[in-house]
Amino acid sequence: MPAVTHNPPPPAIDPDVLAAFEDVSTATISDCLDRMPVLLGLRAFHRRGRLLGTAFTVRVRAGDNLAIHQALEQVRRGDVIVVDGGGDTSRALVGDIMKAIAESRGVAGFVIDGAVRDTDAFAASDFPCYGRAATPRGPFKTGPGAINVPVSIGGWTVNPGDVVVGDADGVVTFPPALASRLIEAVRAQAAREAEVLALIRAGQYDGRYAREAKG
């Protein structure tokens, strides 16, 4: 049995589909999807900048990053490396070297259900990196692992090819098949919120925000 199981990548997402979500907040996306698709427990380690791309999923055993190294040999520009590390924080799964490799290959960012290290390098960079914790202890590199399989992070399942959006609040994901309906919903939600803010500024707020199902 190979140390790492490899599955073919999902179909590429139309760049226009991704572009529609460039300025959409994760909070609004979550609101419009029944407040479900949130990868709980992760925080941003990078300086600033949004995360937007396609999920290239990786499952590893606790503290082992062999499959992540192999994934970095297969990624496409715009992919987000989404790693199910089981939430283990005893060993870092990525650091500054893997960050440099990922950036050189056009990776859109890291989402790590585990620990990271070399956090000064991430903190000085706009390369998006979300993780659960930091530790100086390095990883094993023996496997096993799996590439492009469904993974579970923070109570949410991420499938290969899902759209991944991250901002200062956290990370959400959704299937690309939902994109056209979702973008209409988030625009409507943004319009409702803008109306509420205008009423507040004008001293005419009527309490409607508390009555809205997605408020």
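Guide: A salt bridge is a side-chain nitrogen of Lys or Arg within 4 Å of a carboxyl oxygen of Asp or Glu. E195, D206 and R208 are linked in a network of such bridges. This is a predicted model, where local features need pLDDT of at least 70, side-chain atom pairs count only at pLDDT 80 or more, and totals for chains, interfaces and linings use all residues. Residues are numbered from 1 along each chain as its sequence is written, and side-chain values use heavy atoms, with hydrogens and water left out.

Visitor: Thanks! How many salt bridges does the structure hold?

Guide: There are ten salt bridges.

Visitor: Which side chain meets R50 in a salt bridge?

Guide: That of D167, at 4.0 Å from N to O. R50 lies in the loop between β2 (43-44) and β3 (51-60) and D167 in strand β13 (residues 163-167), so the pair ties together parts 117 residues apart in sequence. Strands (E, at least two residues) and helices (H or I, at least four) are DSSP runs, numbered from the N terminus.

Visitor: Is D167 buried or exposed?

Guide: D167 is buried, with a relative accessible area of 12%. Buried means under 20% relative accessible area, exposed over 50%, and partly exposed in between (1.4 Å probe, protein chains only). R50 is partly exposed at 32%.

Visitor: New topic: what does K99 form a salt bridge with?

Guide: With E103, the closest N and O atoms being 2.8 Å apart. K99 and E103 are four residues apart in helix α4 (residues 96-104), which means about one helical turn separates them.

Visitor: And how do K99 and E103 count, buried or partly exposed?

Guide: K99 counts as buried at 10%, whereas E103 is partly exposed at 37%.
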